[in-house]
Amino acid sequence: MTELKFEKIMENGIEFRYNNFLLAEEVMSIVEQMENYDNYMAREIVKGVLLIKFCTNIPTENMEDLQLYNMYVANGIINFLEENIININSIDKNIEYNNSVAKSVNTFLTNAFTLLEKVEKKIPTKKALDGIVVEFQNAVKKYANIKK
């Protein structure tokens, strides 16, 4: 965690310090961990817990994520962080982009081109096909001579 920039804050009887921004690595970590879940509530728990861990000096050791989330959503600290972190919207923008049709199409096309390149390498050239035909014709002639 980077050095906390703000002085002590008192929110619903809890005194703590917080950063009003997330570093790029922190945003990426939150997004990656949120995307491990398909469930909206599970994603919100991950987001809230990591905001507390990354942006405050609130002790989180020995607490389960659900317990931590419930405690700090109930006393308003998670809401406070969501309202005061200046680049909080970058989390939702990343999630939105990662789930967008544009990203899906881009990923599909990239994978399709990679697959086509692999297939193209396995398609014989005209010269190779001509050679196969000649070998086949020779084999047929040889087999025909054996039968006689």
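**First stop: a charged pair**

Select Asp-65 to begin: with a relative accessibility of 36%, Asp-65 is partly exposed (buried means under 20% relative accessible area, exposed over 50%, partly exposed in between, with a 1.4 Å probe and protein chains only). The term salt bridge here means a side-chain nitrogen of Lys or Arg within 4 Å of a carboxyl oxygen of Asp or Glu. Lys-53 sits in helix α2 and Asp-65 in helix α3 (residues 65-74), so this link joins distant parts of the chain, twelve residues apart. Lys-53 is also partly exposed, at 35%.

Before moving on, a word on what you're looking at: this is a predicted model, where local features need pLDDT of at least 70 and side-chain atom pairs count only at pLDDT 80 or more, while totals for chains, interfaces and linings use all residues. Residues are numbered from 1 along each chain as its sequence is written, and side-chain values use heavy atoms, leaving out hydrogens and water.

**Second stop: another pair**

How many salt bridges does the rule give? The count is two. For the other partners, select Asp-92 and Lys-47, whose side chains meet at 3.4 Å, N to O. Asp-92 belongs to helix α5 and Lys-47 to helix α2 (residues 40-55), so the bridge ties together parts 45 residues apart in sequence. Buried or exposed, what is Lys-47? Lys-47 is buried, with 5% relative accessible area, while Asp-92 is partly exposed at 39%.

Show α1 (residues 24-34) and α5 (residues 89-98): their axes come within 9 Å and cross at roughly 50°. That makes α1 oblique to α5. Axes are lines fitted to C-alpha atoms, for helices over the stretch in contact, and angles run from 0 to 180 degrees between N-to-C directions; under 35 degrees counts as roughly parallel, over 145 as roughly antiparallel, 65 to 115 as roughly perpendicular and the rest as oblique.

**Last stop: a nonpolar patch**

Select Val-101, Val-105, Phe-108, Leu-109, Phe-113 and Leu-116, which make a nonpolar surface patch of about 620 Å². Patch members have over 30% relative accessible area and no salt bridge; like charges are joined within 9 Å, nonpolar side chains (Val, Leu, Ile, Met, Phe, Trp, Tyr) within 5 Å. Phe-113 lies in helix α6 (residues 101-122) and is exposed, at 52%.

Zoom out to finish: the protein has seven helices and two strands (DSSP runs, H or I of at least four residues for helices, E of at least two for strands, numbered from the N terminus).

Technical notes. Areas by Shrake-Rupley, 256 points an atom, 1.4 Å probe, with all protein chains shown as cover.
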